[in-house]
Amino acid sequence: MSGMDDALTTVTLKVNRFTPRPERDRGARGGSPFAKKGGSPFGGGASRNRRPRGKQWVQEYTLQVRPEDTVLDCLLTIKRTVDPTLAFRYSCGHGMCGSDAVAINGTPTLLCTATVADWAEHPNPLAQADEEGFRHTGSAEDGIADDTDVSNAEDGLGVIELAPLPGFPVQRDLIADIDPMLDQIRKLKPYLQADGVLATTREGKVDVFEYLQNPQQLAKYETLTNCIACGVCEGSCPVFAGGDAFIGPAALIAASRFVNDSRDTATMARLNAIDTADGVAACQSVRACSRQCPRGIDVGEEMWQIVARVKER
Amino acid sequence: MSPKHIEDMYDAVIVGAGAAGLSAALGALRSEAAQGLREAGVEPKILVISKLQPLRSHTGSAEGGIAASLGNAEADDWRWHYYDTVKGGDWLVDQDAAKLLAEYAPQTVINLERGGVAFSRTDDGHIAQRRFGGHTRDFGGEPVRRAAYAADRVGHQILHTLWQECVGAGVEFAEEWYVTDLVLDGTGERVAGVVAYDTHEGRIHAIHARNVLLATGGAGRLFHTTSNSWDLTGDGMALALAAGLQLEDVEFVQFHPTGLAHTGILLSEAARAEGGVLRNADGRAFMEDYAPEHRDLAARDVVSRSIMAEIDAGRGVADPKDPDGPRDCVWLDMTGIDHDHMEAVLPQVVETVRKYANIDPAHDWVPVKPTAHYTMGGIPITTDGEVYRWTVSDDAGASGGRRTIVDGLFAAGECSCVSVHGANRLGGNSLLDACLFGTRAGQTMAARVAEHPVDDPMDDGTDTTDEEAMAAVDVAARSRGDELASLLSPDDSDGNDNPYRLLADLGRVMERAVAVRCSATTISEALGSLRGELMPRAVSLHAHSDTAAFNQEITAIWEARHLVALADAVLRASDARHESRGSLKRLDFPERDDERFLAHSMIRSLAGGTADAPADTEEQGERGVLWQPVHIADYPPQARAY
C-alpha cells in the first residue's frame with residue numbers, strides 16, 4: 001500500500017507568538033480617555049488597527065512528522081509534548097467548524113486541512129527579515145528552539161511559518177479577534193425574511209407547510225450556504241486585511257445567500273444595505289478571496305455577481 | 001462576543017449553543033409565555049453561554065439527515081418512525097418520549113425549513129428525503145426514505161440557520177466562556193445559577209439565574225478514537241455529577257464502525273452501501289461470518305462488534321501511522337467500486353481519505369476502526385426538559401421509585417437523556433432530538449420565567465427568596481476564583497504533565513477497556529488506572545503560563561477533570577449492567593436480560609471524589625447506581641433482528 005510506510009521526517013514550525021500584557025499593566029500606561037479612537041468607522045472600529053500590547057516573539061519547534069500530517073496535528077503534538085502554552089483555536093479537525101483559520105507562510109487557510117507536505121518550504125536565506133526589516137528570533141524561554149534546529153530542518157521537509165489570520169487584531173499567539181467579521185455579518189440581517197404564508201389548495205385549505213422551492217431555485221444559492229465563516233476570504237482580501245473601510249467578502253456572501261434565496265422577500269432592502277461606499281463599492285475585484293476558500297466557494301465570482309445585482313436593480 | 005454587562009439576576013441561562021441550546025433559546029423567546037411577558041412590558045433576561053463561538057458547535061459536523069415521516073418521497077407514518085426508534089434502541093427507550101419524537105418530527109423539520117434551512121428538494125419543491133439505517137415502513141418492513149437532508153451537510157445548515165434566527169431574535173451570547181460550576185441552592189432542590197470563566201479576560205463570573213438549561217453536547221473525547229470534535233468533553237454531564245445529580249444510561253456509547261484510522265473522522269456508511277467491503281489482516285471479507293444476510297450493511301453496533309471480534313482474535317492490522325502500535329484496525333476495501341462512480345457519489349469520503357490518510361481509496365485499502373460517535377445517556381430529563389432526581393424509598397423496592405424535579409434546571413440534546421435513543425440511537429434521530437426537545441425545554445422554561453420574571457412590575461422588593469441562592473453562586477465563584485489563581489501561580493513542582501497529555505492517556509485507557517465491548521475484567525483494569533493514576537494526575541495539573549487571557553490550558557485542565565469524573569461514572573455504570581444490549585456488549589454477559597435490566601441506570605458521583613471505598617447505602621444504590629423502569633406504552637420488548 002502506498003503511503004503506508006512513509007518514514008518519519010522533520011519539520012520546523014516558526015510560530016509568531018504573542019502574549020497580551022495583563023490589563024493592569026496596560027492601564028498603567030495611561031492614554032487619554034478623550035483621545036479619538038482611530039481606525040475605520042466600519043467593521044471593528046478602533047480595535048481593528050490597534051497595535052496589540054504585549055510580548056511578541058517568534059518561536060521555532062522542530063518535530064518528527066509524516067508528510068501527510070496536518071499542521072493542526074503538529075500543533076496538537078506541540079501542546080501535548082512540548083509546550084502546552086501555545087494558543088490556537090481548533091475544534092472539529094476536519095474543515096467544518098471554521099475555527100482554525102490562520103496565515104500559513106503568509107497565506108490564510110485552515111490548520112486542519114493544510115498538510116505538512118503541501119506547506120513546508122526550504123527557507124530562502126535572503127528572505128528572513130520581516131516587513132520592518134528585523135529578524136525576530138526565538139527568545140524562547142524554555143530553550144525549545146536552539147540553533148541546531150534550523151540546520152536539522154534542511155535535512156527534513158523544511159519550515160512552515162504560522163501567524164494569526166491577517167486583517168484581525170491578534171489576541172494571543174495564533175488566536176485573532178474575528179468578532180469584527182461576525183458583527184459585519186450580523187449587521188446585514190443574515191436571517192430568512194419570508195412571507196410567512198402557508199401554501200393552500202384552491203379551496204383555501206392548508207396544502208403544504210414548508211415553503212416550496214425547486215432544485216433549480218435551490219441551486220441559485222446553495223453553494224453560498226456552505227460558508228463556514230472562517231474568515232479566510234477576509235484575511236486574503238487586500239482591501240479588508242489592508243485596513244480600508246470594507247464590510248468584507250464574508251458579510252457580502254451572507255447577504256448574497258439571502259438575496260438569491262427564492263423564499264426571501266427582503267431582496268431590495270438587502271441590495272440597498274450593501275450599496276454603500278464600504279459595501280460592494282469597496283470591492284476591487286482582486287479575487288484573492290477565492291483562492292483558499294475551504295468550502296470551494298468562488299468568492300470573487302460571487303462578489304462580481306452581487307455587484308451586478310446591485311447595479312441592475 | 002461577550003455581554004456588555006452582566007445582570008444581577010437572569011431569568012434564564014442556557015449553557016451551550018449547538019442545535020439544542022439555540023433551539024431552546026428560540027423556543028423560549030417565541031413561546032406564548034414570553035409573548036405574554038413582552039405584552040406586559042417585561043423583556044425576559046436570557047443569556048446563552050457557550051465555550052465556542054456558536055457557529056463552531058459540533059452540530060455543524062452532522063452529515064446525513066434529520067428523520068421525520070414527512071412522506072415527501074414515499075408513504076410514511078409517524079407510528080412507523082416511533083416503532084423503529086424503540087426497536088433501534090433495543091427497547092431501552094421510554095416510549096412516551098419516543099412517541100413525541102416521532103409525532104412532532106414533521107413539525108420540527110418544517111419549522112427548520114421555514115427558518116431558512118436549505119434542504120435538498122424534490123422536483124416539485126418539497127423537502128427531499130433519503131433512506132437511513134433502521135428506518136422502515138410497516139413496523140420493521142422495507143427501508144423507507146425518512147431522513148430529510150441537505151446534501152451531506154444537514155447539521156451545518158441547521159446550525160447556521162438556528163444561529164441566524166437567534167441573531168434575528170436578538171439573543172445575547174457570552175461566547176468562549178466556559179461554565180465551571182452548576183450551582184444549586186442549599187437544599188439541592190432548586191437551581192441558583194452557574195459559575196463561568198471568560199476565556200478572553202481570564203476572569204471568573206458568578207452568574208445568578210432563576211433557570212438554567214444545559215445543552216453542552218456529548219462526551220466522545222472519553223475515547224482516543226472519536227468522530228467528535230475536540231470540545232466534546234462531557235461538560236454538562238460532569239457539571240450535573242459535581243452538583244450531586246445523577247446521569248442516566250451513560251454506559252451506552254455508540255461507535256460508528258468506520259472511523260478513519262488515526263483520526264477517527266467518519267467515513268460515511270454510504271462507502272459500504274456503494275460496495276465497500278471490510279477485510280481483516282488475512283484479506284478475508286469477514287462480515288459474512290457475522291451477518292451472512294446483511295454483511296457489511298448490518299446495523300452499526302453489529303458491524304462495530306464484528307470488527308472488534310476480528311481485532312480481538314488477532315486478525316486486525318496496525319494503524320499505518322503507528323505501525324508499531326496495537327493491531328486495532330481493519331481494512332475498508334473500496335477498490336471494487338467503479339472509480340468514476342466513486343468520485344460522483346462518495347466525494348466527501350474520497351476527499352477525506354486522500355487528505356487525511358494520504359492514500360487513494362481507488363487503489364489502496366483504507367485502515368478503519370470503530371469511532372466513538374454518540375452518548376445515548378446523559379442528564380435525566382422529563383419530556384418537558386426538566387432535570388430530575390430518581391429516588392427509591394427503602395420499603396418500596398425498584399418499582400416504587402419516583403422522579404423529583406430540580407426546580408429551574410433543564411437540559412436538552414446529547415448531554416441529556418429523555419431516553420428516546422435507549423441503548424442505541426438510530427441515524428437521523430440526534431438532530432431531531434436536539435431541535436425538538438430543545439424547543440420543548442425552552443418553552444417549559446419560558447413558562448416558568450413568566451410565573452416569576454426578574455423584571456416583574458408587580459415586584460415590591462420584599463421578595464428575598466433569591467438571596468440565599470445568590471449567595472450560593474457567589475461562594476462557588478469565589479472558590480473557583482481562588483482555584484484559578486492557584487492554577488496560574490508559578491509552580492514549584494517540575495510540572496511535566498499537562499491536560500492534553502492526560503486526555504490522550506485517558507482516551508487510550510477507555511478505548512482499551514470499554515470501546516464496543518467490555519467485561520468485568522477490562523472495566524476493573526480501567527477503573528484501576530483511572531483511580532490509581534489519572535485522577536491523581538488530574539488533581540495536580542497546573543498551568544504553564546501565568547497569563548490568564550486566552551490561556552487555553554486552564555480550560556483544558558477543567559475539561560480533563562470533567563472527563564475523568566465522567567469516565568468513572570461510565571465505567572461504574574458499565575460494570576453494573578450485567579447484560580448485553582444495544583451498544584453495550586458485555587463479553588461476560590452476552591445476552592439481553594429483560595428480567596433484570598429492562599431499566600435505566602441512574603448513577604451518581606461517589607461522595608467526596610475519593611472513589612476507592614464508596615460507602616454503599618440502600619438509598620443511594622449499590623456503587624451509586626439505582627435502576628429506573630423503562631416506560632413501555634405500545635410496543636412490548638421483542639428480539640432485535642434486522
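Reader: How do you know that the span of helix α3 of chain A agrees with its number of residues?

Author: In this predicted model, helix α3 of chain A covers residues 71-82, which is twelve residues. The expected span is 1.5 Å times one less than the number of residues. That rule gives 16 Å, and the end C-alpha atoms are 15 Å apart, so the two agree.

Reader: Which residues of α3(A) are called buried, and what makes a residue buried?

Author: A residue is buried if 20 or more other C-beta atoms lie within 10 Å of its own. The residues of α3(A) that are buried are Val71(A), Leu72(A), Asp73(A), Cys74(A), Leu75(A), Leu76(A), Ile78(A) and Lys79(A).

Reader: What covers the buried residues of α3(A)?

Author: From chain A, the cover includes β1 (9-20), β2 (54-65), β3 (101-104), α4 (116-119) and β5 (159-164).

Reader: How many residues are in contact between chain B and chain A, and what makes a contact?

Author: Two residues are in contact if their C-beta atoms lie within 7 Å. By that test, 48 residues of chain B are in contact with 44 residues of chain A. On the chain B side, two or more residues come from each of α5 (105-115), α6 (154-169), α12 (347-357), α15 (499-514) and α17 (552-576). The largest share, six residues, is that of α6(B). By class, this side of chain B has 17 nonpolar, 19 polar and twelve charged residues.

Reader: Why does the radius of gyration of chain B agree with a compact globule?

Author: The globule rule is 2.2 Å times the number of residues to the power 0.38. For 642 residues the rule gives a value near 26 Å; chain B has 24 Å, and therefore agrees. The C-alpha atoms of chain B fill a box of roughly 75 × 65 × 55 Å along the principal axes. Of the 642 residues in chain B, 62% are buried. The secondary structure of chain B consists of 18 helices and 23 strands.

Terms used: Residues are numbered from 1 along each chain as its sequence is written. Chains are lettered from A and ligands numbered from 1 in the order in which they are written. This is a predicted model: local features need pLDDT of at least 70, side-chain atom pairs count only at pLDDT 80 or more; totals for chains, interfaces and linings use all residues. Helices (H or I, at least four residues) and strands (E, at least two) are DSSP runs, numbered from the N terminus. Ala, Val, Leu, Ile, Met, Phe, Trp, Tyr, Cys and Pro count as nonpolar, Asp, Glu, Lys and Arg as charged, and the others, Gly among them, as polar. A residue is buried if 20 or more other C-beta atoms lie within 10 Å of its own, exposed if 12 or fewer, and partly exposed in between; C-beta atoms are placed from the backbone.
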